[in-house]
Amino acid sequence: MLNRLPDQCKVSIITNLSYDILSLPCLPKLLDRPRQNTLWNISLENIGPQFEYVRTGAKWDQVKTNLQYLTKHWPEITSINFVYSMFSAFDVVETIKELHTLGVKKINFFPIKLQPNMDVFNMPSEIRLIAADNLDAAIKWHTENLHLDDQDLYPLQGADTMLSELRQSTKPSTITLDNFMATIKWYNQYHSSQFEHLWPNVIDLVKKYL
C-alpha cells in the first residue's frame, strides 16, 4: 500500500506496538517518506505489567524500545491514544511521567466504550472524585514539565473535559461490587498475573465505595 501511495498522502498508523518495529518490511519506505506525512497513534494507557495485562500479548520492554525509536525519527507526530478507565485512572501520573521519559508528549484521552463495569464515570461519586484528583495532578505535572512554548502544542487532549465531568457529575453509580469483581474474574482468566495484584489500589477503592 505504501508503495502505491504518493508521498504527499498522509498516513495514520494506529498500533499497540507489540512487534519489533525494526523488523517491519515497510520501515525503509516509511523512513523515506516526508516525516510529517506519517502519523503514529499508539494505543497505550498503562506501563509495565499493567500494560501487558491490558494489551494482552504485548511486552512492555519491546514497546519502550519502539517508542524510543519512533520519537527519534518522528518526534513531533508520535502520539498516544489513552483509554481512560478503571485500568488507567489511578496510575495516570506515573504513566504520564514515563511517557515523558520516553519522549512522548502528545497524548489523547478517550473514554472506554465497550466495558461499562470498568468505566470510571459509572462509579460512585467518591471514586469519581478520587479519579479527578489523580487526573488533575497528571494534567498539572504534564504542563509544568513542558517548555513554555510547547504547552499549547502538547495538551492532554480531552483530559480537561473528562476532569470537569468527573467533578460535576451527580449521576448515581450503575456498578455493584459483584458486577465489578465478576468483570475482573473474566479478565483474569486470560492472564497469569491477576488484577488484584497489579491494581491493589483499585481493589481497595471498589471494596470501600461499591
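Which residues of α7 are buried? In this predicted model, local features require pLDDT of at least 70 and side-chain atom pairs pLDDT 80 or more, whereas totals for chains, interfaces and linings use all residues. Residues are numbered from 1 along each chain as its sequence is written, and side-chain values use heavy atoms, with hydrogens and water left out.

Helix α7 comprises 12 residues (177-188) and spans 16 Å from its first C-alpha to its last, close to the 16 Å expected at 1.5 Å a residue; the expected span is 1.5 Å times one less than the number of residues. Helices are DSSP runs of H or I with at least four residues, numbered from the N terminus. Phe180, Thr183, Ile184, Tyr187 and Asn188 are the buried residues of α7, where buried denotes under 20% relative accessible area and exposed over 50% (1.4 Å probe, protein chains only). Viewed down the axis of α7, these residues fall within an arc of 140° and therefore line one face of the helix, the arc being that of the directions from the helix axis to the C-beta atoms. On the other side, Asp178 and Lys185 are exposed.

The largest pocket is lined by 18 residues, of which Val54, Arg55, Phe87, Ile112 and Tyr187 lie nearest its centre. A pocket is an open set of points on a 1 Å grid over the protein atoms alone where a 1.4 Å probe fits, with protein on both sides within 12 Å along at least five of seven lines; lining residues have an atom within 4 Å of a point. Helices α2 and α7 each supply at least two residues of this lining.
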